[in-house]
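Take a look at the structure shown here.

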Amino acid sequence: MKPFFLFALLLYITVSYAGTLIKINSLPANHPFDQPLYLAGSMNNWNPADAIYQLKLNDDQSYSIVLEGTGNVQFKFTRGGWDTVEKGNNCAEIGNRSFTFATDTIYEATIVNWADLCGSNPAVTNTTTDNVSVMDLSFYIPQFDRNRRIWIYLPEDYETSGKSYPVLYMHDGQNLFDAATSFSGEWQVDETLNHLTENGAPASIVVGIDNGGNNRIEEYTPWSNPGYGGGKGNLYAEFLVETLKPYIDAHYRTLSDRENTGVCGSSLGGLISWYIGLKYQDVFSKIGIFSPSFWFSDSTYIMAREIAKQYPMQMYFVAGGQEGSDGEVIDDCEKMISTLKGSGFTDDEMFLNAKADGQHSEWFWRREFPACYQWFWGVKSSKIDSKFIQLEVFPNPANYSIHLQIFSQESFDVVLIDLNGKVVYRNDHVSSGLVIPSQNLPNGTYLVQCKNDKFQVHRKVIVAKTN
């Protein structure tokens, strides 16, 4: 395990403490004090019920925990599951919290809502497109004697074309298609593929497999970790190859050969995708490896050294400069690529998409997914790239900064406008990316406008500072 993930927990808060004190001072009126409260974040692989990161309930009904460590950490509060994660006003999604470890510092937080107690929010429900459905609410996994929800995305012309299609298998299905089921925003896989195929990209079927909640770590890790357990990823891989794929091929018009079959995921989902694709090279030819948790076990690099290249592969790595400490996820991917080269894989079979602004978050993976998909299926057309999206605003809701990424050869004048029509920020001749500070802006809805002589693009962004 990497040093960044090793933190000492002090079980009791004293007048004198060394480290970062995280304290929740304000809770929703309907907060259930009989339930435990946890931190889930980059320091514990986003485990929503990690006993090591359970907060203490104090006599004044505040919660707190003292942590020691180094580096920056991203996290959220939960009551033991992603169905009970914290939310913002009107049950809106909020961005990851962030702090940097320091001695004798305090991080004070306000929790506005809990996902399961704040009621429905029309803005974050039923965001799937018409060509996404739940294939099975309780698909049986014989390898674990468990059941799981399975989603399926069918190309828009599936019912009328009579064609067969490639298939991409993706993990953490809760986060792929629907904001209502996601814990930190969705990937918008359905909207993305609809847009890409309308502009000439090959169409594919996507199968989304829900994660197992508290069983996610053991299912997505091929080896155990002394601090986190796990190690049953081989059974999950068998489920995908021996149970789910044969079912999909039997019930849908698929191109079932390896050249038309891929697997993709993020974080631990990136780790298990890498493992599945390399172990079953006769089944898969494409692996989407987003922010992989290679730190989980040194066995990843042992396998990479010992695995033999059996077939040509396509491995697309995504990593962000703000993941881990000092971009260590990028370093891990570079190390993995170098190791795989020693096993016979070539430069043109592996691509590392490393972005300085990338974080361990759905907005980052959503943004980079189109490029991965196009690389898989050999789409080189700049027409698709430019038309897919010209402006990406993230995170949304934003906290203390609003990030813009412009996908265009054009430059734009950028303005931020409040609901009263007042321009609260302006920056001219922006051609790639931009960070708009929002720490002094009131919480609320704003309009980002990018404009030049030929084009004008708008995006809505919500500023929702949580502490």
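Start with Asn45. Asn45 sits in the loop that joins strand E3 (38-41) to strand E4 (56-57). This model is predicted, and in it the phi of Asn45 is positive, about 55°, although Asn45 is not a glycine. Most residues other than glycine have a negative phi. Is Asn45 buried or exposed? Its relative accessibility is 4%, so Asn45 counts as buried.

Now move to Trp46. Trp46 also belongs to the loop between E3 and E4. Its phi is positive too, near 60°, and Trp46 is not a glycine. Trp46 has a relative accessible area of 8%, so this residue is buried.

Next comes confidence. The protein has a mean pLDDT of 85. Of its residues, 88% reach 70 or more. Where pLDDT is low, the predicted coordinates should not be read in detail.

Finish with the cysteines. How many disulfides does the structure hold? The count is 0. Take Cys372, which is in no disulfide. The nearest cysteine sulfur belongs to Cys264 and is 5.0 Å away. Cys372 has a relative accessible area of 0%, so it is buried. Cys450 counts as buried as well, at 1% relative accessibility.

Terms used
Residues numbered from 1 in each chain as written. Predicted model: local features only at pLDDT ≥ 70, side-chain atom pairs only at ≥ 80, totals over all residues. Heavy atoms only, no water. Helix = DSSP H or I, 4+ residues; strand = E, 2+ residues; numbered from the N terminus. Buried < 20%, exposed > 50% of the residue type's maximum accessible area, 1.4 Å probe, protein only. pLDDT = per-residue confidence, 0-100. Disulfide = S-S within 2.5 Å.
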